[in-house]
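Please keep the sequence and the structure in view while reading.

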Amino acid sequence: MGGVAGGVAPTLIQLVAFFRGLSEESTMTSIVAVSGSRRADSTTKAALRVALDAAARAGAETELIDLGAVDLPLYHPDEDEQGESDRLKAIVREADGVIAGSPVYRGSYSSTFKNFHDFCGSEEYEYTAVGLLTTAGGGSYGGTLEHLRSTFRNVHAWVVPHEVGIRGASSAIAADGTFRDDSLRDRTERLGRVVVEHAERLPETDP
Ligand SMILES: Cc1cc2nc3c(=O)[nH]c(=O)nc-3n(C[C@H](O)[C@H](O)[C@H](O)COP(=O)(O)O)c2cc1C
């Protein structure tokens, strides 16, 4: 129909279809991934893109926040807006789901991710489904997932049970998102779908 404008008056059916289309657009589930690596060829970012693509195939609108490419100074409690903090907080606040990814640094998550965490609290994460993903140079990522889980629970996020840890990341996944191991790719794609499923079930505010 190309909208309701035109020389001929639209039929009632056309009008209903048009407004239904509009309301479907505005109620699409939105999923945001946040990458806590500053490396241009980050494996974390590559894996998050795979998860986001799966979320998009499940019907969500998606966006990636690459913390290596935004202006976000070290959090200062005496300051209000710092760099792009207000814009980034608004993206998280409006998202239905977040996929949080960080490299393992010293057995925990990166300072870059922690800095982002300090900006966003329960106002941003309440009733938000959150999926977790970590990449490790070595073999251990359990502690990092644990630290992410507990700190996201602290800001009232609904952390989903499915999570992804990628060991030996530099050989497990390329910067273009190609996985060496199909089962790990499947697990990463599943994370995207699971966050969409949970995000769709959560209320916007207190039921
Ligand atoms: C400062 C620093 C600390 C790291 N600490 C660990 C560690 O404790 N355990 C580990 O397995 N890998 C560690 N690594 C390796 C990274 O986890 C690994 O290279 C990861 O895949 C990097 O993610 P990226 O490609 O997204 O930047 C460390 C890397 C850096 C730079």
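Strand E5 (residues 129-135) is mostly covered, with seven of its seven residues buried; a residue is buried if 20 or more other C-beta atoms, placed from the backbone, lie within 10 Å of its own. Strands, like helices, are DSSP runs numbered from the N terminus, with at least two residues (E) for a strand and at least four (H or I) for a helix. In a regular strand the side chains alternate between the two faces of the sheet. In E5 both faces are covered: Ala-129, Gly-131, Leu-133 and Thr-135 are buried on one side, and Val-130, Leu-132 and Thr-134 on the other.

The model is a predicted one, in which local features need pLDDT of at least 70 and side-chain atom pairs count only at pLDDT 80 or more, while totals for chains, interfaces and linings use all residues. Residues are numbered from 1 along each chain as its sequence is written.

E5 pairs with strand E3 (97-105) in the parallel sense over seven bridges, where pairing requires at least two DSSP bridges between two strands. Within this pair, Gly-131 of E5 is the bridge partner of Ile-99. E5 also pairs in the parallel sense with strand E6 (residues 158-166), over six bridges, and Val-159 in E6 is the bridge partner of Val-130. From E5 the chain crosses through helix H6 (residues 142-154) to E6 in a right-handed β-α-β crossover; that is, with the strands pointing away from the viewer, the path from the first strand over the helix to the second runs clockwise.

Helix H8 (residues 182-201) has 20 residues and reaches 29 Å from its first C-alpha to its last, close to the expected 28 Å, the expected span being 1.5 Å times one less than the number of residues. Its buried residues include Thr-188, Leu-191, Val-195 and His-198. An α-helix has 3.6 residues a turn, so residues three or four places apart point the same way. Among the elements that cover the buried residues of H8 are strand E1 (30-35), E3, E5 and E6.

The ligand is surrounded by 17 residues, the closest being Ser-37, Thr-44, Pro-103, Gly-137 and Gly-138; a residue counts as near if its C-beta atom, placed from the backbone, lies within 6 Å of the molecule. Helix H2 (43-57), strand E3 and helix H7 (169-172) each give two or more residues to this shell, and E3 gives the most, with three.

Technical notes. Buried ≥ 20, exposed ≤ 12 C-beta atoms within 10 Å, placed from the backbone. Contact = placed C-beta atoms within 7 Å.
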